[in-house]
Amino acid sequence: MREVLIDKVVINIGVGESGERQKKALKLLEELTGQTPTSTYAKKTIKNFGIRKGEPIGAKVTLRGEKALEFLKKALVVKENRLSSRQIGEGEFSFGIQEHIDIPGVEYDPDMGIFGLQVCCVLKRRGYRVEERRRCRSKVGRKHRVTKEDTIEFLKSLGVEVE
């Protein structure tokens with residue numbers, strides 16, 4: 001029950017505009033992960049940036065299980081298996097990749113262009129379902145929560161060096 005597991009890995013590309021570039025971001029995420037991504041929408045109108053509320057301005061996909069671990073290992077290679085302690089929180093860590101072509105196995109396509117992306121990983125322990133289920137919902141005890149130290153230990157088991 002104390003084993004730390006990956007709950008989910010969320011990959012996000014913020015394009016900042018709708019149209020052709022946003023569709024390319026959706027296509028890129030599908031190629032990288034093998035899952036269909038979803039669009040993210042603007043929460044409010046910003047005239048200076050030319051963004052309207054409700055306009056699709058990004059793309060994201062959530063990976064779980066074996067796919068999440070595979071993608072995470074590939075993405076950490078881009079960061080040379082090093083993360084700063086500021087990128088690590090209580091049961092989660094995140095990092096950015098400036099160019100998607102740095103990911104192993106991805107080749108540059110001039111029609112697609114180059115995108116940056118954010119990778120966010122959430123960790124959990126077995127038994128976290130009691131907080132999410134509908135019937136007999138309960139809280140996860142403080143001793144059972146994943147701490148920052150537990151997150152660092154998990155990262156070390158993946159071969160990541162924390163600075």
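**Entry 1: conventions**

For sorting residues by type, I count Ala, Val, Leu, Ile, Met, Phe, Trp, Tyr, Cys and Pro as nonpolar, Asp, Glu, Lys and Arg as charged, and the others, Gly among them, as polar. I note that this is a predicted model, in which local features need pLDDT of at least 70 and side-chain atom pairs count only at pLDDT 80 or more, while totals for chains, interfaces and linings use all residues. Residues are numbered from 1 along each chain as its sequence is written, and side-chain values use heavy atoms, with hydrogens and water left out.

**Entry 2: the chain as a whole**

I looked up the elements and found four helices and seven strands in the chain, where helices (H or I, at least four residues) and strands (E, at least two) are DSSP runs numbered from the N terminus. Read from the N terminus on, their order is β-α-β-β-α-β-β-β-α-α-β. The C-alpha atoms fill a box of roughly 50 × 40 × 30 Å along the principal axes. Of the 163 residues, 35% count as buried; I take buried as under 20% relative accessible area, exposed as over 50%, and partly exposed as in between, with a 1.4 Å probe and protein chains only. Among contacts (heavy atoms within 4.5 Å) between residues at least 6 apart in sequence, 62% join residues at least 24 apart.

**Entry 3: the largest pocket**

Rolling a probe the size of a water molecule over the atoms shows where empty space is left.

Sorted by type, the lining holds six charged residues, four nonpolar and one polar.

**Entry 4: helix H4**

I then went through helix H4 (residues 148–157), where Thr151, Ile152, Phe154 and Leu155 are buried. They lie on the same side of H4, because they cover an arc of only 160° around the axis, the arc being that of the directions from the helix axis to the C-beta atoms. An α-helix has 3.6 residues a turn, so residues three or four places apart point the same way. On the face turned away from the buried side I find the exposed residues Glu149, Glu153 and Ser157.

The buried residues of H4 pack against strand E1 (4–14), strand E4 (82–83), strand E5 (92–97), E6 and strand E7 (161–162). Ile152, with a relative accessible area of 18%, touches Ile88 and Val162, not counting residues up to four places away in sequence. Ile152 and Ile88 are 64 residues apart in sequence, yet their C-alpha atoms are 7.7 Å apart. After H4 comes Gly159, with a positive phi near 90°.

**Entry 5: the loop between H2 and E4**

Most residues other than glycine have a negative phi, and most peptide bonds are trans. In the loop between helix H2 (65–78) and E4 I looked at Glu80, whose phi is positive, near 55°, and which is exposed at 64% relative accessible area. Asn81 lies in the loop between H2 and E4 as well; its phi is near 50°, again positive, but Asn81 is partly exposed, at 28%.

**Entry 6: Ile101 and the cysteines**

Ile101 sits in the loop between E5 and E6 and is partly exposed, with a relative accessible area of 25%. Leaving aside its neighbours within four places in sequence, Ile101 is in contact with Val106, Glu107, Tyr108 and Ile114.

How many disulfides does a search of the whole structure find? It finds zero, a disulfide being a pair of cysteine sulfur atoms within 2.5 Å. For Cys120, the nearest cysteine sulfur is that of Cys121, 9.0 Å away. I also noted that Cys120 counts as partly exposed, at 32% relative accessibility.
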